Amino acid sequence: MIDLHTHSTCSDGSDPPGRIVELAAEAGCTAVALTDHDGLSGIAPARAQALQVGIEFVPGCEVSCRFSPGTQHILCYFAEPGEGPLQDQLETLRLDRDTRNGRLIARLNELGIPITEEMLRSEAGDAALGRPHFAAVLVRLGVVASYQEAFDTLLAKGGPAYFPKAFIDAPTMIAAAKGSGALAVLAHPLSLGLQAAELERQVAELAEAGLAGLECWYGRYSAEDRQGLYELAVRHGLVATGGSDYHGTYKPDLSIGIGKGDLNVPETAMRELTARRP
Ligand code: AMP
Ligand code: FE
Ligand code: FE
Ligand code: ZN
């Protein structure tokens with residue numbers, strides 16, 4: 001068993017990167033990928049822990065790319081911190097996020113809410129600041145009664161303190177990953193909300209752009225959906241990959257390795273991915 005989709009405190013998970021690796025080893029995984037949103041800051045500590053516990057480690061990240069409606073998530077495997085086109089894209093996203101957070105703080109201040117960057121920093125720890133941290137601080141300040149109310153009354157799309165984020169196009173991301181020696185995989189493809197024929201077309205387009213794999217064995221998918229996605233991957237010459245999308249206590253129904261209890265991503269996925277490394 002392996003798990004190629006996990007999140008740590010370096011994005012929106014509740015466990016530090018080293019703990020993710022420990023949990024994977026305890027669950028009986030022979031390989032684990034760390035795929036925090038938009039960043040690679042957990043890679044070094046996760047890898048150090050993987051050496052300790054003797055499990056194969058895949059450095060990665062997950063990037064939300066442009067799509068309508070919503071976004072499409074691209075997992076990048078074998079993505080290392082350092083220099084390169086993929087890392088440049090992540091840096092652009094980070095700068096954009098900083099700008100947006102600054103605007104959001106200013107807007108909330110205009111609305112009479114005394115939120116500061118320091119409060120947000122202490123809430124976020126190592127993670128990149130985002131709306132969930134704003135929501136948590138708004139609850140602590142007593143501005144709203146709950147996390148969800150913060151979104152419903154202020155932060156959600158269309159709300160008085162909403163600022164859109166910039167998104168990268170998936171083909172740009174796929175090319176950047178390639179340029180950095182990484183492999184791009186479409187995460188949880190059913191999130192696109194497409195009918196079968198449209199999904200087929202979308203996957204064909206991404207495959208044409210250099211996509212390497214399709215996440216078929218996903219923590220929250222049924223056996224039937226997983227099989228359908230596997231066949232889709234095969235039709236387009238893509239590696240069938242999988243993972244739990246573990247977020248710790250933030251998605252309490254999902255455990256590392258086994259997902260909701262019925263996940264078992266085969267080691268062949270790891271071997272096939274490795275064989276495709278540029
Ligand atoms: P950000 O990356 O800063 O735009 O924050 C996105 C995160 O905010 C998502 O991953 C969700 O966890 C959370 N979020 C976005 N919209 C809502 C909403 N309407 N209600 C609750 N949480 C939301
Ligand atoms: Fe997440
Ligand atoms: Fe995702
Ligand atoms: Zn994820």
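Helices (H or I, at least four residues) and strands (E, at least two) are DSSP runs, numbered from the N terminus. The model is predicted, so that local features need pLDDT of at least 70 and side-chain atom pairs count only at pLDDT 80 or more, while totals for chains, interfaces and linings use all residues. Residues are numbered from 1 along each chain as its sequence is written, chains are lettered from A and ligands numbered from 1 in the order in which they are written, and side-chain values use heavy atoms, with hydrogens and water left out.

We begin with ligand 1. Helix H3 (85-110), helix H5 (131-140) and helix H6 (147-155) each give at least two residues to the shell around ligand 1. The residues around this ligand, each with a heavy atom within 4 Å of it, are Arg97, Arg100, Gly130, Arg131, Pro132, Gln148, Phe151, Ala156 and Lys165. A polar side-chain atom of Arg97 lies 2.9 Å from an oxygen atom of ligand 1, an N or O atom in the side chain of Arg100 is 3.0 Å from an oxygen atom of the ligand, and for the side chain of Lys165 the corresponding value is 2.8 Å. Of the 500 Å² of accessible area (Shrake-Rupley method, 1.4 Å probe) that ligand 1 has on its own, the protein covers 63%.

Because Asp12 lies in the loop between strand S1 (2-3) and helix H1 (17-27), and His247 in the loop between strand S7 (239-243) and helix H10 (267-276), the pair ties together parts that are 235 residues apart in sequence. Asp12 is partly exposed, at 31% relative accessible area, whereas His247 is buried at 3%; buried means under 20%, exposed over 50% and partly exposed in between, with a 1.4 Å probe and protein chains only.

The iron ion (ligand 3) is 5.7 Å from the iron ion (ligand 2). Glu62 is buried at 1% relative accessibility, and His188 is buried at 8%.

Terms used
Donors are N, O and S atoms within 2.8 Å of the metal (3.2 Å for Na, K and Ca); water is not among the atoms, so sites may look incomplete. A polar contact is a pair of N or O atoms within 3.5 Å; within protein, one must be able to donate a hydrogen and the other to accept it, and residues adjacent in sequence count only if both atoms are side-chain atoms.
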